[in-house]
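Dear colleague,

Please find below the structure that I am handing over to you, followed by an account of what was found in it.

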Amino acid sequence: MELQFGGAGRGLSLAVAVGFAVLAGGPAMAQEAKPQTSKAVAAAQIPDPWEKMNRGLFKFSMAVDHAVIAPVIHGYRRAMPQPLQVGIRNVVYNLDEPKTFANDVLQLRFKKAGETTIRFVANSTVGVGGLFDVATATGLPGHDSDFGQTLGRWGVPTGPYLFVPFAASTDLRDGVGRLADAFGDPVSWAFGGLNTTFGQTRDGLRVFQARVDLDDQITGLDRDFTDPYATLRSGFSQNRAFKVDEAKGVSPAAQVNDLPDFGAEPTPPKP
């Protein structure tokens, strides 16, 4: 989600973009979020000194989403044929590959950077401009890297948790990271920058696609959890901790091995 400034409309675009970019790129409800041990969960929690303000913004934003945004998204999902939905999503995320490549390099993950390059070339050519994800079909799935993750990989702390109006979770580090990703995005600059018709159209499509991808999770927040705000904050915190560990080279298998054995007999207390 590209971030733009200047005028009331662009201020709203900034708010939506920051939040959905974080949530979609690896946020609270993202698929790559992994469960943590109780110790890891506690360590992963981002401090929330502005909780009262954040909760108010969350409540207001969810009310607006339910009344205005969700009906549009639900109509799109019902009316648009599934193959077209998949194709649009593929194009949107294919254009993110150069940003992912840049962050892979900054994180010194050169193998991942090579895979990202192959994916972008294959999907942009054989995949007809990214309409078809031929790379995943041939065994090379995609991944996302962002500058907030890069900053975390080099030891920058998260700073306070923030809920961005009309959008979702972030923190100071990842908010700055998303701004850097937006203004340094190679694809945007290749087509003239953020203020071109291409840049603005892509900005809108990315925000829209992120909301489509998260529709089921957002719908389930109020339905399935007694404290949706705390659930969102906790999921986001754990996911970003996972993403930073990933950038540091901690494998998913190693993280799974650290999980407690919930089926094991409890250790008897010492006499």
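**Findings in the predicted model**

Pro98 has its place in helix 5, which covers residues 97-106. This proline counts as buried because its relative accessibility is 16%, below the 20% limit for that class. Beyond the residues up to four places away in sequence, Pro98 touches Phe120, Pro186 and Val187. Its C-alpha lies 7.8 Å from that of Thr116, a residue 18 positions away in sequence. Please note that all of this rests on a predicted model.

As to the overall picture, the protein has 14 helices and two strands. Its 271 residues include 43% that count as buried. The accessible surface comes to about 13,500 Å², and carbon and sulfur atoms account for 67% of that area. Among contacts between residues at least 6 apart in sequence, 74% join residues at least 24 apart.

**Nonpolar core and aromatic rings**

The largest nonpolar core has eleven residues: Ile46, Phe58, Met62, Tyr161, Phe163, Leu214, Ile218, Leu221, Tyr229, Leu232 and Phe236. At least two residues of this core come from each of helix 3 (51-79), strand 1 (161-163), helix 12 (215-224) and helix 13 (228-247). Helix 13 supplies the largest share, with three residues. In soluble globular proteins, nonpolar side chains tend to be buried together.

Six aromatic pairs are present in the structure. One of them is formed by Phe58 and Tyr229, in an edge-to-face arrangement with 5.8 Å between the centres and 65° between the planes. Phe58 belongs to helix 3 and Tyr229 to helix 13, so that this pair links distant parts of the chain, 171 residues apart. Both Phe58 and Tyr229 are buried. By contrast of geometry, the pair of Phe191 and Phe198 is stacked, because the ring centres are 4.3 Å apart and the planes meet at 25°. Phe191 is partly exposed at a relative accessible area of 49%, and Phe198 is also partly exposed, at 27%.

Ring pairs also join Phe58, Tyr161, Phe163, Tyr229 and Phe236 into a cluster. Tyr229 is in contact with Asp48, Glu51, Asn54, Arg55, Phe58 and Tyr161, if neighbours within four places in sequence are left aside. Elsewhere, the charged end of Arg153 sits over the ring of Trp154, at 3.9 Å from the ring centre.

**Salt bridges**

Side chains of opposite charge can pair when their charged atoms come close. The count of salt bridges here is 23. In one of these, Arg240 and Asp174 meet with 2.9 Å from N to O. Since Arg240 lies in helix 13 and Asp174 in helix 9 (residues 172-183), the pair ties together parts that are 66 residues apart in sequence. Both Arg240 and Asp174 are buried.

Asp215 and Arg211 form a salt bridge with their closest N and O atoms 2.9 Å apart. Asp215 is buried, with a relative accessible area of 3%, and Arg211 is buried as well, at 2%.

A further salt bridge joins Asp224 and Arg223, with 3.0 Å between the closest N and O atoms. Here Asp224 is partly exposed, at 46% relative accessible area, whereas Arg223 counts as exposed, at 59%. Finally, salt bridges that share partners connect Asp48, Glu51, Arg55, Asp227 and Arg233 in one network.

With kind regards

Key
Residues are numbered from 1 along each chain as its sequence is written. This is a predicted model: local features need pLDDT of at least 70, side-chain atom pairs count only at pLDDT 80 or more; totals for chains, interfaces and linings use all residues. Side-chain values use heavy atoms; hydrogens and water are left out. A nonpolar core is a set of buried Ala, Val, Leu, Ile, Met, Phe, Trp, Tyr and Cys residues joined through side-chain atoms within 4.5 Å. Buried means under 20% relative accessible area, exposed over 50%, partly exposed in between (1.4 Å probe, protein chains only). Helices (H or I, at least four residues) and strands (E, at least two) are DSSP runs, numbered from the N terminus. Contact means heavy atoms within 4.5 Å. Accessible areas come from the Shrake-Rupley method with a 1.4 Å probe; for residues, only the protein chains shown count as cover. Rings of Phe, Tyr and Trp (its six-membered ring) pair if their centres lie within 6.5 Å; planes under 30 degrees apart count as stacked, over 60 as edge-to-face and the rest as tilted. A charge sits over a ring if NZ of Lys or CZ of Arg is within 6 Å of the ring centre and within 35 degrees of the ring normal. A salt bridge is a side-chain nitrogen of Lys or Arg within 4 Å of a carboxyl oxygen of Asp or Glu.
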